Amino acid sequence: FMLLINGLNSSLLRVQISSLAVIIWSTKLAAFLFYRALKVKEDARLESTLSTKSGVVFFWLISFFWGAISSLPHSLGVASSLEGDNIGLYSGTIIYTVGLLMESIADYQKWSWKQSNPSKFCSGGLWGISQHPNFAGNILIWTGIAIMNVPSLSWQLVPVACLSPLILWNFFLGQAQGSITSGVELATKKYGDDPGYSDYIENV
């Protein structure tokens, strides 16, 4: 976190904006997850994983891997002394902002929905357009940060930086399809008898 703070003092505007972008996103996410944990106190999707020592180790290894891969565009960008270009900086900032708003609104809408409709699946707001708007928002966040920093990288490092949105896409796709976590199985078990849920899965 101190490296991010130091990035705000960089002489490069690109590094300042990239650092601020990561600080805003990580602080927002940590605050939301902490608040949700205090209120909900459990997550059925992780109960079986966290019930064993090997599951706990696996969870934290995946979390570390996810964090390291996600931050590649920023980490590599901070290490570069090149300014980059304004087109990449400003277009990346716009994409990042859209992604941050999408992820934040989606999380808020689902949280609010669950407080009012605890036994129903969320299909309002952005969730009526996409089954996973929070995932889409997160991919846009890191795509934006990649676009900010890629112009400052050597051609050898550009594919490495692009691993972030590409791997996140596949990671979230695995979650959405139920091959990584049990979220799909749990949702089907909970809402499978609701005809509206089947329609939602098929058409959204």
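This is a short walk through a predicted model, with a helix pair and two buried residues as the stops.

**Stop one: the helix pair.** Start by selecting residues 86–116, helix α5, together with residues 133–149, helix α6. Their axes lie 7 Å apart, and the two helices pack at an angle of about 160°. Because angles over 145 degrees count as roughly antiparallel, α5 is roughly antiparallel to α6. Turn the view to look across the pair, and you will find that the crossing is left-handed. If you colour the α5–α6 contact by residue class, expect 14 nonpolar, nine polar and two charged residues.

**Stop two: Asn134.** Stay on helix α6 and pick Asn134. Is Asn134 buried or exposed? Its relative accessibility is 17%, so Asn134 counts as buried. Now show its surroundings: leaving aside residues up to four places away in sequence, Asn134 touches Glu103, Ala106, Asp107 and Trp127.

**Stop three: Arg14.** Next, move to helix α2, residues 13–40, and select Arg14. With a relative accessibility of 1%, Arg14 also counts as buried. Its contacts beyond four places in sequence include Val78, Glu83, Leu89, Met148 and Asn149.

Which groups does the Arg14 side chain reach? Zoom in on the backbone oxygen of Gly77, which the side chain of Arg14 reaches at 2.8 Å.

Methods
Residues are numbered from 1 along each chain as its sequence is written. This is a predicted model: local features need pLDDT of at least 70, side-chain atom pairs count only at pLDDT 80 or more; totals for chains, interfaces and linings use all residues. Side-chain values use heavy atoms; hydrogens and water are left out. Axes are lines fitted to C-alpha atoms, for helices over the stretch in contact, and angles run from 0 to 180 degrees between N-to-C directions. Helices (H or I, at least four residues) and strands (E, at least two) are DSSP runs, numbered from the N terminus. Angles under 35 degrees count as roughly parallel, over 145 as roughly antiparallel, 65 to 115 as roughly perpendicular and the rest as oblique. A crossing is left-handed if the near helix is turned anticlockwise from the far one by less than a right angle, and right-handed if clockwise. Ala, Val, Leu, Ile, Met, Phe, Trp, Tyr, Cys and Pro count as nonpolar, Asp, Glu, Lys and Arg as charged, and the others, Gly among them, as polar. Buried means under 20% relative accessible area, exposed over 50%, partly exposed in between (1.4 Å probe, protein chains only). Contact means heavy atoms within 4.5 Å. A polar contact is a pair of N or O atoms within 3.5 Å; within protein, one must be able to donate a hydrogen and the other to accept it, and residues adjacent in sequence count only if both atoms are side-chain atoms.
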